[in-house]
Amino acid sequence: MYRFSNTVIGFLNLFTLLASIPIIGGGLWMARNSTTCESFLQTPLLVVGFVVLIISLAGFIGACFHVAWALWVYLVVMLFIIGALLGITIFGFIVTGPGGGVQVSGRVYKEYRLEDYSPWLRNKIKDPHYWRTIRGCILGSKSCAKLAFWTPLDYLERDMSPIQSGCCKPPTSCNYGAATMAAQEPDCYRWNNAPTLLCYECDSCKAGVLEDVRRDWHKLSVLNIVMIVLLIGIYSIGCCAFRNTKRAETDYPYGENQMRKVRPRWDFYWWRWWHEKKHELW
C-alpha cells in the first residue's frame, strides 16, 4: 500500500503529459495563423503547454522510477503554480469586481460606461497598441454585421452582447436631429456609419470589451478554484510519493527497524552487576 501514492502520481502526470501536447500544438498553429485574435492568445497557450509538459515529465519520472530529485523539483514547481493560481484568482476578483452595465429604459439590452470599471482595466484598454489588437478582433468576429438586418422593432425587443451594445451603435441617448444644439456624450460625436468605423473608437466600445472580460473572468475563476483544490490534493499525494522514494533510496526496506545499536541507560551496568552478585551469593 505504501506504493499507492507513487502509482497515483505516475498516472496523473502521464495524463497531464499527454494533455499538454494538444495545448502546445494549438499554440504553434495560432503562431502560424495571421488572424489577430488568435495571435493574441498564442503566447499564454505555449507557456502553459510547455510548463505542464516539463512538470508532468518530472513528476512521472520521479514517481515511477523513484528519482527523488525529480519529485523534489516537481513539488517545488507545483507549490509555485498553486501560489500563482491563488494570487491570479484573488487579483482577478479585485480587478473585475466593478462594472455590470446600466439598463436602458424601454430596451432589453444594457449599455456600458468606461468609468464604471477598475482603474487597472481602464488603463490597460486605453493603451493604443492593446486597443488596436482588440479592435482587429472585433472586426474579424463580424459581431456588428449581425445587427445590419435588424429592424427598429428588433432594437426594442432583442438583447445585445456587451460588444454589440458598445461598438455597433451609438449610445441610445444620442440625438442626431438637425435642430439639436444641446451637449451630448462624446461617443455621440465619435460614431460613424462606415462599417469599418462605427463606434470602435468610443469609450462605450472599450467598456463593452471590459464587460466581456469581466464575465469571462468570473466564469474562469470557478475553474481556477476547482483547479487549486485539485492541485492541493495532488501536491499532498506527491509529498507521500516523495517520502516513499526517499525511503526506497536508503539501505533498509519499508518497516524495518533501522537502529544499529541502543545506548544503555546510566544504571544498566549497575543493575547487571548487582544481579550477578546476588546469584553468586545464593
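**Close-up views of the disulfides and annotated segments**

**View 1. The disulfide of Cys-174 and Cys-188.** Cys-174 and Cys-188 are joined by a disulfide with 1.8 Å between the two sulfur atoms. Because Cys-174 sits in the loop between α7 and α8 (186–190) while Cys-188 belongs to helix α8, the bond ties together parts of the chain that are 14 residues apart in sequence. The torsion about the S-S bond is -90 degrees, and the link of Cys-174 and Cys-188 is left-handed. Cys-174 and Cys-188 are both buried. The model shown here and in the views below is predicted.

**View 2. The disulfide of Cys-167 and Cys-205.** In this pair, Cys-167 is bonded to Cys-205 with an S to S distance of 1.9 Å. The link connects distant parts of the chain, with Cys-167 in helix α7 (residues 162–167) and Cys-205 in helix α9 (residues 203–248), 38 residues apart. The torsion about the S-S bond of Cys-167 and Cys-205 is about 90 degrees, so this disulfide is right-handed. Cys-167 is buried, as is Cys-205.

**View 3. The disulfide of Cys-199 and Cys-202.** Cys-199 and Cys-202 form a disulfide with an S to S distance of 1.7 Å. About the S-S bond the angle is -85 degrees, and the link of Cys-199 and Cys-202 is left-handed. Both cysteines, Cys-199 and Cys-202, are buried. The structure holds four disulfides, among them the pairs Cys-167 and Cys-205, Cys-174 and Cys-188, and Cys-199 and Cys-202.

**View 4. Cys-239.** The relative accessible area of Cys-239 is 28%.

View 5. An unreviewed UniProt entry annotates residues 72–95 as "transmembrane region". Across residues 72–95 the chain is 100% helix and 0% strand. The C-alpha atoms at the ends of residues 72–95 are 35 Å apart.

View 6. In the predicted model, residues 222–242 are 100% helix and 0% strand. A distance of 30 Å separates the end C-alpha atoms of residues 222–242.

How values were computed:
Residues are numbered from 1 along each chain as its sequence is written. This is a predicted model: local features need pLDDT of at least 70, side-chain atom pairs count only at pLDDT 80 or more; totals for chains, interfaces and linings use all residues. Side-chain values use heavy atoms; hydrogens and water are left out. A disulfide is a pair of cysteine sulfur atoms within 2.5 Å. Helices (H or I, at least four residues) and strands (E, at least two) are DSSP runs, numbered from the N terminus. Buried means under 20% relative accessible area, exposed over 50%, partly exposed in between (1.4 Å probe, protein chains only). UniProt positions are given in the numbering used here, feature names are shortened, and annotations may be inferred rather than shown by experiment.
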